Every structure is written in structure tokens, then in C-alpha cells.
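Here is a walk through a structure for someone meeting it for the first time. Have a look at the sequence and the model, then read on.

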Amino acid sequence: MAITSAHFDQVKQLVAACSGIHLAPGMEGYVEARIEELAHVLKLKSSIEFFRQLEKNLIADVGFLLSEIVANKETSFFRDGHPFDALRQQVIPELMTQRAAEMKLTIWSAGCSTGQEPYSAALLLRQHFPALSGWAVEIHGADIAEDVLAVAQSGNYTQADINRGMPAPLLLKNFQKTGSNWQLKDEIRQLVQFRQVNLAEPWPELPKMDIIFLRYVLSYLTPEASQDILKKVAGLLRPDGYLFLGSKETVSGLDDLFSEEQINKAVCYRLKSAKPKWSVADDDW
Amino acid sequence: MDDAIAEKPSPSVFRVLIIDDSRATRLVIRTFMREFGYETEEAPDGSEAMKFFAAGKSVDLIICDWEMPVMSGIEFVRAFRGSDSASAQTTPIVMSTTLNAVEKISEALEAGATDYIMKPFTKEIFAAKLDLLGIEHK
């Protein structure tokens with residue numbers, strides 16, 4: 001049975017209020033399929049039963065449950081390539097110079113889904129920057145959905161997951177084949193800490209970040225939620241840190257906070273209040 | 001002379017050689033590649049691919065099956081990398097095969113393959129691999 005427009009609107013409002021996720025017209029079929037899955041998890045007979053219970057307010061935290069199941073879970077290793085090239089060619093070498101005294105580097109993948117993005121960062125650091133082995137490198141991954149975080153934490157990926165973006169040399173070096181799946185070795189898995197975070201709610205205590213990945217998140221949010229989250233990102237990013245968004249995503253409306261910077265084929269964003277490079281030299285005088 | 005120039009592909013056109021004994025697989029990969037905006041050449045086995053290069057032709061990317069009659073993919077990779085073809089050392093080769101054991105992937109890389117795609121594949125899988133290789137696509 002197709003979802004009614006009244007039920008779709010009800011779900012849309014619950015989800016937007018809880019997580020800022022925007023369910024656009026045309027997503028009715030997607031939402032209906034996810035609700036069928038949720039009904040099954042909740043041991044309800046069908047989505048009809050789900051909506052019946054919803055009307056009677058019998059489902060606790062329903063906005064959150066719905067947000068978890070409709071959140072976009074699409075990801076891949078080294079997605080788009082360019083941002084990771086930028087990391088290797090400029091961002092990490094530059095940060096290694098700037099953080100040489102404190103020897104600390106922090107990376108946050110917000111909306112990390114099944115973990116391919118933060119693990120790609122970990123693999124890149126391990127492969128290209130052996131000098132970081134003596135540094136305190138913290139890589140954090142956050143997502144609203146518990147099921148994707150369970151996959152992320154396991155580091156266990158299907159062949160289809162691996163096929164999407166994992167370079168064969170890195171696969172051989174860092175994974176073990178377990179049946180038809182591939183298991184990321186513990187030495188890499190342990191580099192990333194995952195936690196469940198609803199980006200639209202107050203965030204847990206996190207260290208200030210040198211690099212924030214907020215990729216393919218904003219395009220699924222309401223404009224209001226996007227702006228709120230970007231403002232919080234601005235507060236979490238170190239003054240000379242780097243923010244990466246998904247391709248075609250922008251900081252629209254917050255041009256007073258962020259400036260766009262092109263690194264080869266990648267676009268990233270820096271805080272406008274960032275200390276200009278020449279002032280570091282001034283400090284040295 | 002003018003005709004020869006006119007027939008020469010534009011240097012900006014990215015060309016891919018698809019080596020696979022399955023016509024169906026070649027068709028699928030060809031479709032993906034053309035959707036990415038590339039021109040394609042095809043060979044049904046490694047031996048035919050070697051003849052293509054021996055004729056002085058070159059491509060920007062090679063996608064190669066492993067198990068083929070006459071000359072297998074791994075034999076082709078070794079032969080091509082060891083050849084005096086002008087592009088023998090620089091053309092990326094992506095092995096595309098059902099063989100997914102660690103030993104096979106390792107063998108392919110040691111022979112000179114640049115990367116590896118395990119069948120079954122999708123257009124998104126090829127797109128992700130092209131992104132990794134820094135190759136622009138539609």
C-alpha cells in the first residue's frame with residue numbers, strides 16, 4: 001500500500017524537527033520502504049500498524065527512529081578522490097608543519113555512515129605520512145544511525161564495498177579476507193573512534209578539529225538545519241583548519257564565516273577569521 | 001594529409017582499451033566508458049591487445065579481464081609492461097575479474113597492474129576507480 005500524503009507529511013515533520021533531515025517530494029516510496037523495515041524491527045505487522053501506533057503516541061523517540069532509518073547511508077572509500085588528493089598533497093603536509101610542536105592532529109568525519117570516509121583518512125595517513133606514527137592522531141567518525149556505526153566499528157566490508165574506491169595495494173596491505181568479506185586490520189580500525197551523534201542536537205564533547213569532513217550531509221538537510229550545523233562546525237574547526245563538503249554542496253548564506261579555497265581539483269572551506277600566514281612569521285620575531 | 005589530420009582523434013578524447021573474451025562484458029564496460037565520455041577500443045584476448053600496441057597505437061587506460069583464451073590477462077600485463085611500446089610503463093591497467101583471492105590480486109599488482117576491480121561491477125564502481133586514478137569523467 002502506497003504511503004498517504006498525510007502520513008508522508010507527518011513523517012517529514014517528525015524527521016525535520018528531530019534531525020533536520022529534509023524529505024523532499026518524490027521520496028515517498030523510499031520513506032515507505034524504510035518504514036516497512038522499521039515496523040519489522042519494532043515487531044509491528046506492517047507500516048499501517050506503525051501509523052496506527054504513531055497516531056496513539058505509542059512509539060517512543062519516533063522522530064529519532066525515523067531519522068535513523070531515512071538518513072542517507074551512501075558512502076565509499078576515498079569518495080570522489082580529489083579531497084583525499086588535497087589531503088595528501090597540501091593539507092596534511094601543511095598541518096604537520098603548523099602542528100610540529102604539539103604533534104597532534106584531529107580529523108572528524110561527520111555523517112560517516114559505514115565508516116569508509118574516516119578509514120580512508122586513516123589509511124592515507126598510514127600510507128603516506130609515516131612520520132605521524134609518533135603523533136597523537138585522533139580520527140573521529142559520527143553518524144545518527146546505529147546500524148551503520150555497527151558496520152563502521154566492525155571494519156568488515158563486503159566485496160561490493162571494497163570495489164567502490166579501495167585501491168588494490170591498500171586492500172592487500174590493510175585487510176584480511178574473511179569468507180566473502182574483507183576485514184580491516186585492527187591497527188587501522190583502532191585509529192578511528194565512532195560515536196552516535198545527531199548533528200541537529202547539541203554535540204558531545206569533541207576536541208577542536210584540524211580537518212572536518214561534512215560531505216553529502218548538507219544536501220539532505222533543511223536550509224535551517226544546514227546553517228545551524230555549519231555554525232557549529234565553525235566553532236569546532238581550529239582557526240587554520242579545513243572543512244570539506246560534498247561536491248555541489250556549499251556554505252551558502254554563511255560566506256561571512258567561511259571562505260572557499262581550491263586545492264588542485266578539490267574545494268575546501270577555511271574560517272574567515274583564520275590567522276593570516278604572515279602573522280605566524282610575526283610571532284617568530 | 002588533411003584527411004589524416006581530420007581522422008586523428010582529438011588529444012582531449014580519453015581512450016580506453018577493453019580486453020575481455022566475453023562480448024557481453026565488453027558491451028557493458030563499453031557502455032559505461034562511453035557514458036563517462038570516453039572512446040573505446042576492444043580486444044577479445046591479450047594476444048589481440050598486444051597486436052593493437054605492436055601497430056603503434058596507444059590508449060589512456062586499459063581494462064583487462066584475467067581468464068581469457070590464447071593469452072590471459074596476467075600474461076598480457078607481463079607482456080605489455082615488458083614490451084617496448086611507448087606507453088608500456090605509463091598506461092594504467094585495471095584488472096577486472098571474478099578472481100578475488102588475495103594471492104590473485106597480489107599477483108596482478110606484482111605483474112604490473114595498477115589496480116583491480118572484482119566482478120560483479122557497476123558503473124559506480126568504475127567511477128570510484130577512475131576518481132582514485134585521478135581520471136576525469138562525466
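## Ground rules

Two strands count as paired if DSSP finds at least two bridges between them. Helices (H or I, at least four residues) and strands (E, at least two) are themselves DSSP runs, numbered from the N terminus.

This is a predicted model, where local features need pLDDT of at least 70, side-chain atom pairs count only at pLDDT 80 or more, and totals for chains, interfaces and linings use all residues. Residues are numbered from 1 along each chain as its sequence is written, chains are lettered from A and ligands numbered from 1 in the order in which they are written, and side-chain values use heavy atoms, with hydrogens and water left out.

## Strand 7 of chain A and its neighbours

Let's start with strand 7 of chain A, which spans residues 209–214. It pairs with strand 1 (residues 104–110) of chain A in the parallel sense, over 3 bridges. Within that pairing, I107(A) has I211(A) as its bridge partner. Strand 7 of chain A also runs parallel to strand 8 (residues 237–245) of chain A, and here 5 bridges do the joining.

Is strand 7 of chain A buried or exposed? Buried means under 20% relative accessible area, exposed means over 50%, and partly exposed is in between (1.4 Å probe, protein chains only). For strand 7 of chain A, 6 of the 6 residues are buried, so the strand is largely enclosed by the rest of the structure.

How do you get from strand 7 to strand 8 of chain A? The two strands and helix 11 (residues 223–236) of chain A make a right-handed β-α-β unit. Right-handed here means that, with the strands pointing away from the viewer, the path from the first strand over the helix to the second runs clockwise.

Strand 3 of chain A meets strand 5 (residues 181–184) of chain A over 2 bridges, in the antiparallel sense. In that pair, Y157(A) has W182(A) in strand 5 of chain A as its bridge partner.

## Where the two chains meet

Contact means heavy atoms within 4.5 Å. By that rule, 18 residues of chain A touch 20 residues of chain B. Between them, about 1600 Å² is buried, with carbon and sulfur atoms giving 60% of that area. Buried area is the accessible area (1.4 Å probe) that two parts lose on being put together, summed over both. On the chain A side, Q159(A), N163(A) and L172(A) lose the most area to chain B, together 35% of what that side buries.

There is 1 salt bridge across the interface (a side-chain nitrogen of Lys or Arg within 4 Å of a carboxyl oxygen of Asp or Glu). K265(A) and E136(B) meet in a salt bridge through their side chains, at 3.3 Å from N to O. Helix 8 (159–163) and helix 9 (168–174) of chain A are the elements that give two or more residues to the side touching chain B. Helix 9 of chain A gives the most, with 4 residues.

N174(A) sits in helix 9 of chain A. At 5% relative accessibility it counts as buried. Setting aside neighbours within four places in sequence, N174(A) has contacts that include L123(A), Q183(A) and I188(A).

Which residues of chain A other than glycine have a positive phi? One is D80(A), with phi near 75°, in the loop between helix 4 (62–70) and helix 5 (82–98) of chain A. D80(A) is partly exposed, with a relative accessible area of 23%. Another is S113(A), with phi near 50°, in the loop between strand 1 and helix 6 (116–128) of chain A. S113(A) is buried, at 2% relative accessibility.

Over in chain B, the peptide bond from K119(B) to P120(B) is cis, with omega near 5°. P120(B) belongs to the loop between strand 5 (115–118) and helix 6 (123–132) of chain B.
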